[in-house]
Amino acid sequence: MSEYLSEEGVKKDLQRQPSIMLKLAENALQVAESLRGNYFNNTAKFIAALRKAMERTNEPIFTKHKISNADWSQFQGEVVAFIDGGVGQVELSSQVPVLLRVGSYVVKSGERNLAEREKFGYYPVILGDLEGGTKERHDFIDIVRIIAELLGGLSILESYEKISVLMFHGPLVYTVNHYTGHSPFTENDIDKFLAHYGAKSQRGREIKES
């Protein structure tokens, strides 16, 4: 097997391109800490597998198809939403994450009025405001992000009566046992979460009471 098709060959190619290496490093910081150690190796493994697949066929990787009889009226008014979370850092004495933010992007297909077609939501959480949780653990931020993203999705569902698709950026299934052993969040923490993400204050109280 040629070096071009091997995982080691891909690693050498990547290392010879500083701009790509920098981008990979940035991407690695945006995934869960448990995935960061193997991020570069997994990327190289994926590229090597892709190169091998390309060598085995003369068919193009991407093809275009003409869609006939498409009728936009079938999707008129369809609402699609996307939820994603991230961590902000401020350079003080050290680069410590202090802010977690969750954003939502909602699109209503077929809507000509741009103000009504697209809606953006931004939900910040100041990590220092939270009383509970074991902050010294590396996965503390992950727990806060998961809760915030789920409540962001709940806010979307509460805000729109008819929604066709709600997408979350991240794993399909979280392994809960990885996060055991944390100190519980306090009642004040729960109020902070629900105040940010509850579409309606009454709904937030109902969720808390249940």
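Arginine 145 counts as buried, at 14% relative accessibility, where buried means under 20% relative accessible area, exposed over 50% and partly exposed in between, with a 1.4 Å probe and protein chains only. Its side chain meets that of aspartate 142 in a salt bridge of 3.6 Å, N to O; a salt bridge is a side-chain nitrogen of Lys or Arg within 4 Å of a carboxyl oxygen of Asp or Glu. Aspartate 142 is likewise buried, because its relative accessible area is 12%. Both residues lie in helix α6, three residues apart, about one turn of the helix.

The model is predicted: local features need pLDDT of at least 70, side-chain atom pairs count only at pLDDT 80 or more, and totals for chains, interfaces and linings use all residues. Residues are numbered from 1 along each chain as its sequence is written, and side-chain values use heavy atoms, with hydrogens and water left out.

The protein chain contains eight helices and four strands. Helices (H or I, at least four residues) and strands (E, at least two) are DSSP runs, numbered from the N terminus. Along the sequence, these elements follow the pattern α-α-α-α-β-β-α-β-α-β-α-α. Of the 210 residues of the protein chain, 26% count as buried. Contact means heavy atoms within 4.5 Å. Among the contacts in the protein chain with a separation of 6 or more, 61% are accounted for by residues 24 or more positions apart. The accessible surface comes to about 14900 Å², and 55% of this surface belongs to carbon and sulfur atoms. Accessible areas come from the Shrake-Rupley method with a 1.4 Å probe; for residues, only the protein chains shown count as cover.

Helix α6 itself covers residues 140-159. The expected span of a helix is 1.5 Å times one less than its number of residues. For the 20 residues of α6 the span should therefore be 28 Å, and the end C-alpha atoms are 29 Å apart, which agrees. The helix is mostly covered, with 14 of its 20 residues buried.

Histidine 182 counts as buried because its relative accessible area is 18%. Two polar contacts of its side chain may be followed in the model. One, of 3.2 Å, joins it to the side chain of arginine 137, and another, of 2.8 Å, to the side chain of aspartate 139. A polar contact is a pair of N or O atoms within 3.5 Å; within protein, one must be able to donate a hydrogen and the other to accept it, and residues adjacent in sequence count only if both atoms are side-chain atoms. Arginine 137 and aspartate 139 also form a salt bridge with each other, their closest N and O atoms being 2.8 Å apart. Aspartate 139 is buried, with a relative accessible area of 4%, whereas arginine 137 is partly exposed at 25%. Leaving aside neighbours within four places in sequence, histidine 182 is in contact with Gly133, Thr134, Arg137, Asp139, Phe140 and Ile143.

Attention now turns to helices α1 and α4. A search of the whole structure finds eight salt bridges. One of them joins the side chains of aspartate 13 and arginine 51, at 3.0 Å, N to O. Aspartate 13 lies in helix α1 (residues 7-15) and arginine 51 in helix α4, so this pair ties together parts that are 38 residues apart in sequence. Aspartate 13 is buried, with a relative accessible area of 19%, and arginine 51 also counts as buried, at 14% relative accessibility. The buried residues of α1 are Gly9, Val10, Lys11, Asp13 and Leu14, and what covers them includes α2 (18-28) and α4.

Helix α4 spans residues 39-55. Threonine 43 lies in this helix and is buried, with a relative accessible area of 18%. The side chain of threonine 43 reaches the backbone oxygen of tyrosine 39 at 2.8 Å. Leucine 50 is also found in α4, but is partly exposed, with a relative accessible area of 37%. Together with Phe46, Met54, Ile61 and Phe62, Leu50 makes a nonpolar surface patch of about 570 Å². Patches are made of residues with over 30% relative accessible area and no salt bridge: like charges are joined within 9 Å, and nonpolar side chains (Val, Leu, Ile, Met, Phe, Trp, Tyr) within 5 Å.
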